[in-house]
Amino acid sequence: MQSLHRFVWRDAGRRARKLLDFAETEADGGRDLIRAAELTQDPVLRRLYTVHAADEERHAALFRARGTELLRALPDPGQARSGMNWVAPGERGLDDLRVDRKSDAALLAFLHLSEKTAAGHFAAYVGALKDDPSTAAVFREILHDETFHMNYTLAQLNRVAPTERRSYLWRARMGRLWKAYLRIMAAIAGVIGAVFLTLQYFILIPPFAFLAKRAERREPQGWKAVAEERPLKSQY
Ligand SMILES: [Fe+2]
Ligand SMILES: [Fe+2]
C-alpha cells in the first residue's frame with residue numbers, strides 16, 4: 001500500500017490537485033461541524049464541535065496554501081493530473097456528514113470512525129512524501145489535530161452513551177461500509193455507461209450519417225427556381 005501511496009503522490013501536478021481537493025473536503029466538514037454545534041443541546045459538545053470546526057477550517061487553509069504553491073511552481077499548471085482520490089481520499093468521511101439526521105451519539109460514532117480513518121491515511125501520506133518535506137510537514141501538523149478529533153469523539157461517545165457505545169460504533173461502521181459499496185457501484189455504473197454510450201456512438205450513428213450524406217448528394221447545388229409566383233400575403 002505504501003508504494004501505491006508513493007506512486008500517487010510522486011507527480012507534483014497530482015499532488016497540487018489532491019491538496020486543493022482536500023482543502024474543499026476539510027472546509028465542507030468545518031461548515032457541517034458548525035451546524036452540528038448549532039443543533040446539539042449539549043454545551044460540552046457545542047464547544048468541542050466549534051473547536052473542531054475551526055481546526056477543519058485551518059486544515060483547509062493549509063492544504064489550499066500548499067496546493068496553490070505547488071500549482072504555481074508547475075511549468076504548465078493546466079496539466080495538473082486528476083487526484084486519484086479513490087486511492088488516497090484524505091478526510092473523505094466528512095463528505096458524508098448529515099448532521100441534521102443524527103443524534104449526538106450517532107454523530108460522535110460517525111466522526112470517530114471518519115477521523116480514525118483520516119488519521120491513518122494522513123500518517124501514510126507523511127511516509128509517502130519523503131521527497132517533499134514541506135507537504136509532509138503540512139500533513140504532520142494536520143495529523144496532530146486529527147488524532148485529537150479521533151480521541152475526543154470517542155471520549156464524548158463514552159460520556160453520552162456509555163452502555164450503547166459499541167452499538168453506535170457498529171452502526172456507524174455499517175453505514176460507512178454501505179456508502180463505500182454505493183461509491184464502488186456508482187463508479188462501475190459510470191464505466192458501464194461510458195462503454196455503452198461509446199458503442200452506441202459507433203454502431204447507431206454511422207447508418208444515419210451514411211443516409212444524410214446520400215441525401216445530400218441527391219440535392220441540387222445552389223438556388224432552386226420556384227414553380228410559380230407566390231404573392232406575399234402576410235409576414236408569416
Ligand atoms: Fe481535518
Ligand atoms: Fe478532522
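Axes here are lines fitted to C-alpha atoms, for helices over the stretch in contact, and angles run from 0 to 180 degrees between N-to-C directions. Helices (H or I, at least four residues) are DSSP runs, numbered from the N terminus. This is a predicted model, in which local features need pLDDT of at least 70 and side-chain atom pairs count only at pLDDT 80 or more, while totals for chains, interfaces and linings use all residues. Residues are numbered from 1 along each chain as its sequence is written, and side-chain values use heavy atoms, with hydrogens and water left out.

Start with helix 4 and helix 5. Their axes lie 8 Å apart and the two pack at an angle of about 155°. Ala, Val, Leu, Ile, Met, Phe, Trp, Tyr, Cys and Pro count as nonpolar, Asp, Glu, Lys and Arg as charged, and the others, Gly among them, as polar.

Now turn to helix 2 against helix 5. Their axes come within 13 Å and cross at roughly 25°. That makes helix 2 roughly parallel to helix 5. Helix 2 passes helix 5 in a left-handed crossing. On the helix 2 side, Arg15, Leu19, Phe22 and Glu26 take part; they meet Thr135, Phe139 and Glu146 in helix 5 (contact means heavy atoms within 4.5 Å). The residues of this contact divide into three nonpolar, one polar and three charged.

Helix 5 also meets helix 6. Helix 6 covers residues 165–218, and its axis comes within 9 Å of that of helix 5, crossing at roughly 130°. The two helices are therefore oblique to each other. Leu154, Leu157 and Asn158 in helix 5 meet Arg165, Tyr168 and Leu169 in helix 6. Of the residues in this contact, four are nonpolar, one is polar and one is charged.

What does Gln156 touch in this structure? Gln156 sits in helix 5, which spans residues 133–160. Its relative accessibility is 12%, so Gln156 counts as buried (under 20% relative accessible area; exposed is over 50%, partly exposed in between; 1.4 Å probe, protein chains only). Leaving aside residues up to four places away in sequence, Gln156 touches Val44, Leu45, Leu48 and Leu108.

Next come the cores. In soluble globular proteins, nonpolar side chains tend to be buried together. A nonpolar core is a set of buried Ala, Val, Leu, Ile, Met, Phe, Trp, Tyr and Cys residues joined through side-chain atoms within 4.5 Å. The largest one here has 22 residues. Those with the most contacts inside it are Tyr49, Leu97, Leu107, Ala109, Leu111, Leu157 and Tyr168. Helix 2 (12–39), helix 3 (43–73), helix 4 (104–128), helix 5 and helix 6 each give two or more residues to this core. Helix 4 supplies the largest share, seven residues. Leu97 touches Asp32, Leu107, Phe110 and Leu111, not counting residues up to four places away in sequence. Apart from this core lies another, of 20 residues, among them Ala23, Ala136, Phe139 and Met150.

Go back to helix 1, residues 2–10, where His5 lies. At 3% relative accessibility, His5 counts as buried. His5 and Val126 are 121 residues apart in sequence, and 9.8 Å apart in space, C-alpha to C-alpha. Trp9 is also in helix 1. With 1% relative accessibility, Trp9 counts as buried. Its C-alpha atom is separated by 36 Å from that of Ala105, 96 residues apart along the chain.

Finish in helix 6, with Pro206. Is Pro206 buried or partly exposed? Its relative accessibility is 39%, so Pro206 counts as partly exposed. The C-alpha atoms of Pro206 and Gly127 are separated by 52 Å, and the two residues are 79 residues apart along the chain.

How values were computed
Chains lettered and ligands numbered in written order. Parallel < 35°, antiparallel > 145°, perpendicular 65-115°, else oblique. Left-handed = near helix turned anticlockwise from the far one by under 90°.
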